[in-house]
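Here is a briefing on one model, grouped by topic. Please read it with the structure open.

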Amino acid sequence: MSVLQVCPLLPSVERALTEGYQAVRLFERPGFLAAHGDEVVAAVTSSRFGVTNEQLDAMPKLGAIVHFGVGYETTDLAHARARGVVVSNTPDVLNDCVADLAVGGLIDAMRRLSAADRFVRRGEWNHPLATKVSGKQVGILGLGRIGRAIARRLEGFDMKISYHSRTPVGGVSYQYVPSPVALAAEVDVLVVATAGGPATAGLVSAEVLDALGPAGYLVNIARGSVVDEPAMVAALVEGRLAGAALDVYADEPNVPPELLDVDSVVLFPHIASATHETREAMGELALRNLRQFLTDRTLVTPVE
Ligand code: 8YV
């Protein structure tokens, strides 16, 4: 009976997997599945790598896929379900850090903080004026747990908040807008906080970016796939968007090279959850899921 570690993970998680479960490190033993796939009962992976259908099919006794991360679009959920494999992720424990980074990026892009920092480092001083943040209209695309955490923070900046999601969300006072285009048209900043995967691919289309317009800012802490990246790059390069803060890209770790010289864009290397505290909490939750599955075949935070 084996536990499989699909990809590199947080050192403390790797230690727990090795010491507690003698987990097999697939990324160091690429031939393992062909020879021993039928021994694996649980696979631990990250949101970035998931488990491919080919890997899944090579593990006939697999019962659980445990993700380190809230996203699980890299694993084919329908295929896993059809095989009777349960899937977990690490929701909630990263909401604060992801929301903090979204707000940090929003302020950075609008107030040109990173650009001003570069300015000073170049020995310059009289920086051009920026855009006021407080009191502006913000649209949140995807009002899930992370979207709501972002909205709560932005309330503190007296921002008027509206949102679009598949269906209106109960228990919030924010205005629901029935389409991404209509949302983008009425806000100063569009914050993308949806899940990734095929259902949201290209949701922020060229038309949405046009609606956001030359005075509008885009913040993306969700997935690069949600935005039409070539259209976004063209809009930023041509000044048809005022600016952007991006933590995610269509083909990570490849950042569109055209953006590297665009001063109105703040670029982060997918670090929204990357604090000691949050990554440890994600690791603990992933390990609790694994432990519970191996004890009673249930999960602490199953993907529904
Ligand atoms: C991590 C993320 O970078 O949780 C997610 O879905 O995208 C980030 O928190 C990622 O999970 C690490 O694999």
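Thr45 sits in strand S3, residues 40-46; strands (E, at least two residues) and helices (H or I, at least four) are DSSP runs, numbered from the N terminus. The model is predicted, so local features need pLDDT of at least 70 and side-chain atom pairs count only at pLDDT 80 or more, while totals for chains, interfaces and linings use all residues. Residues are numbered from 1 along each chain as its sequence is written, and side-chain values use heavy atoms, with hydrogens and water left out.

**Strand S3**

- Thr45 is buried, at a relative accessible area of 0%. Buried means under 20% relative accessible area, exposed over 50%, and partly exposed in between (1.4 Å probe, protein chains only).
- Not counting residues up to four places away in sequence, Thr45 touches Val6, Cys7, Leu9, Gly50, Val51, Ile65, Val66, His67 and Phe68. Contact means heavy atoms within 4.5 Å.
- Ser46 also belongs to strand S3. Ser46 is buried, with a relative accessible area of 9%.
- Beyond its neighbours within four places in sequence, Ser46 contacts Cys7, Leu9, His67, Phe68 and Thr74.
- From Ser46 to Leu10 the C-alpha separation is 9.7 Å, across 36 residues of sequence.

**Ligand site**

- The shell around the ligand holds 13 residues, of which Val70, Gly71, Arg223, His270 and Ser273 come nearest. A residue is near a molecule or strand if one of its heavy atoms lies within 4 Å of it.
- That shell divides into 4 nonpolar, 6 polar and 3 charged residues. Ala, Val, Leu, Ile, Met, Phe, Trp, Tyr, Cys and Pro count as nonpolar; Asp, Glu, Lys and Arg count as charged; the others, Gly among them, count as polar.
- A polar backbone atom of Val70 lies 2.7 Å from an oxygen atom of the ligand.
- For Gly71, a polar backbone atom is 2.8 Å from a ligand oxygen atom.
- Ser273 brings a polar side-chain atom to 2.7 Å from an oxygen atom of the ligand.
- On its own the ligand has 330 Å² of accessible area, and the protein covers 88% of that. Accessible areas come from the Shrake-Rupley method with a 1.4 Å probe; for residues, only the protein chains shown count as cover.

- Thr90 lies in the loop between strand S5 (86-88) and helix H5 (95-111). Thr90 is buried, with a relative accessible area of 0%.
- Setting aside neighbours within four places in sequence, Thr90 contacts His67, Phe68, Gly69, Val70, Met282, Leu285 and Ala286.
- Phe119 is part of helix H6, residues 113-121. Its relative accessibility is 11%, so Phe119 counts as buried.
- Apart from neighbours within four places in sequence, Phe119 contacts Glu124, Trp125, Asn126, His127 and Pro128.

**Helix H7**

- Which residues of helix H7 (145-155) are buried? They are Ile146, Gly147, Ala149, Ile150, Ala151 and Leu154.
- The buried residues of H7 pack against H5, strand S6 (137-141), strand S7 (160-164) and strand S9 (189-192).
- An α-helix has 3.6 residues a turn, so residues three or four places apart point the same way.

**Cysteines**

- How many disulfides does a search of the whole structure find? The search finds 0. A disulfide is taken as a pair of cysteine sulfur atoms within 2.5 Å.
- Cys7 is buried at 1% relative accessibility. Cys97 is buried too, with a relative accessible area of 15%.

**Backbone geometry**

- Most residues other than glycine have a negative phi, and most peptide bonds are trans.
- The Glu252 to Pro253 peptide bond is cis, with omega near 5°. Pro253 falls in the loop between strand S11 (243-246) and strand S12 (265-267).
- Gln22, not a glycine, has a positive phi of about 50°. Gln22 lies in the loop between helix H1 (11-21) and strand S2 (24-25). At 58% relative accessibility, Gln22 is exposed.
- Asp158 has a positive phi near 55° and is likewise not a glycine. The loop between H7 and S7 holds Asp158. Asp158 is exposed, at 60% relative accessibility.

**Helix H11**

- Glu284 is in helix H11, residues 276-296. Glu284 is exposed, with a relative accessible area of 53%.
- Glu284 and Ala16 are 268 residues apart along the chain, and their C-alpha atoms are separated by 9.7 Å.

Definitions and conventions. A polar contact is a pair of N or O atoms within 3.5 Å; within protein, one must be able to donate a hydrogen and the other to accept it, and residues adjacent in sequence count only if both atoms are side-chain atoms.
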